[in-house]
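Subject: Structure handover

Hi,

Here is the structure I promised to pass on.

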Amino acid sequence: MAEYEACIMGLQAAIERGIKTLDVYGDSALVIYQLRGEWETRDSKLINYRMVVLGLLREFDDITFNYLPRDENQMADALATLASMIKANKEEEMRPIQMSVYEFPTSCCNLEEEEKDDNPWYQDILRYVRDRKYPAQASENDKRTPRRLACDYVLDGDVLYKRRKDQNFYWANSVLISLRDGSSFTY
């Protein structure tokens with residue numbers, strides 16, 4: 001029943017958006033094969049659900065139902081994981097998850113023009129390790145980042161080194177490699 005309800009909600013969302021051609025992918029072999037007419041619907045509880053879906057199909061010019069096993073359906077797996085993390089209050093109406101499909105990587109959508117300055121990327125960490133000072137106008141939340149990152153760096157004079165678990169040190173811009181035998185080299 002849950003799979004039929006999910007299918008009905010998806011079809012209704014597509015109808016609301018004026019979609020006329022649709023490929024439906026589902027990981028319930030029972031629902032997909034019943035909707036394709038390859039299997040009979042014998043369970044009386046499912047017959048009404050199937051009738052609702054068949055009624056909605058009239059809104060589409062072309063619609064296909066495709067079975068996709070759960071282990072091959074990454075989107076369904078991700079949504080199931082998200083759903084398991086949400087605590088629902090049965091007295092409140094659940095808001096649907098808004099999803100968008102982009103034709104290019106989403107990381108491109110989140111890039112904003114970065115302020116240009118002459119400081120290296122590690123300037124805030126260096127300032128905190130050296131002087132225990134934060135950037136001007138830093139919020140309390142912004143101040144957590146240099147504090148958290150500072151424990152991973154060591155300051156030697158004016159050079160900031162990144163601490164590694166094996167106690168080798170790497171310079172934050174060029175690389176100074178300190179080996180366990182005491183020798184070191186820079187590149």
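Let me start with a question: is Arg127 buried, partly exposed or exposed? Arg127 has a relative accessible area of 22%, so it counts as partly exposed. Please keep in mind throughout that this is a predicted model.

**Salt bridges**

Arg127 also has a charged partner. Its side chain meets that of Asp124 in a salt bridge, at 3.2 Å from N to O.

As a general point, side chains of opposite charge can pair when their charged atoms come close. Arg36 pairs with Glu38, with 2.9 Å between the closest N and O atoms. Arg36 has a relative accessible area of 35%, so it is partly exposed. Glu38 is partly exposed too, because its relative accessibility is 48%. Then there is the salt bridge of Arg42 with Glu40, where the closest N and O atoms are 3.5 Å apart. For that pair, Arg42 and Glu40 are both exposed.

**Overall layout**

Zooming out, the protein has seven helices and seven strands. Along the sequence they come in the pattern α-β-α-α-β-α-α-α-α-β-β-β-β-β. The protein has 187 residues, and 22% of them count as buried. If you take the contacts between residues at least 6 apart in sequence, 49% join residues at least 24 apart.

**The cores**

The largest nonpolar core has 18 residues, and the ones that touch the most other members are Tyr4, Leu11, Leu22, Leu35, Val53, Ile63 and Phe65. Five elements are listed as giving two or more residues to this core: helix H1 (2-16), strand S1 (21-26), helix H2 (29-35), helix H3 (44-56) and strand S2 (62-67). H1 provides the largest share, with five residues.

Leaving out residues up to four places away in sequence, Tyr4 touches Val31, Gln34, Leu35, Thr41, Leu46, Tyr49, Arg50 and Val53. Apart from this core lies another one, made of eight residues, including Tyr122, Ala150, Tyr153 and Leu160.

**H1 against H3**

Two packed helices are described by the angle between their axes and the distance between the axes. For H1 and H3, the axes come within 10 Å and cross at roughly 15°. Angles under 35 degrees count as roughly parallel, and H1 and H3 are therefore roughly parallel to each other. Their crossing is left-handed.

Which residues of the two helices meet? On the H1 side they are Tyr4, Glu5, Cys7, Ile8, Leu11, Gln12 and Ile15, and on the H3 side Leu46, Tyr49, Arg50, Val52, Val53 and Leu56.

Most residues other than glycine have a negative phi, and most peptide bonds are trans. Two residues here are worth checking on that score. Arg132 is not a glycine, yet its phi is positive, near 55°. Gln137 is not a glycine either, and its phi is also positive, at about 65°.

Where do these two sit? Arg132 is in the loop between H6 and helix H7 (140-150), and Gln137 is in the loop between H6 and H7 too. Arg132 has a relative accessible area of 54%, so it is exposed. Gln137 is exposed as well, because its relative accessibility is 82%.

Is Cys151 buried or exposed? Its relative accessibility is 52%, and over 50% counts as exposed, so Cys151 is exposed. Cys151 and Ile125 are 26 residues apart in sequence, and their C-alpha atoms are 9.7 Å apart in space.

Cheers

Methods:
Residues numbered from 1 in each chain as written. Predicted model: local features only at pLDDT ≥ 70, side-chain atom pairs only at ≥ 80, totals over all residues. Heavy atoms only, no water. Salt bridge = Lys/Arg side-chain N within 4 Å of Asp/Glu carboxyl O. Buried < 20%, exposed > 50% of the residue type's maximum accessible area, 1.4 Å probe, protein only. Core = buried A, V, L, I, M, F, W, Y, C linked by side-chain atoms within 4.5 Å. Helix = DSSP H or I, 4+ residues; strand = E, 2+ residues; numbered from the N terminus. Contact = heavy atoms within 4.5 Å. Axes fitted to C-alpha atoms, helices over the stretch in contact; angles between N-to-C directions. Parallel < 35°, antiparallel > 145°, perpendicular 65-115°, else oblique. Left-handed = near helix turned anticlockwise from the far one by under 90°.
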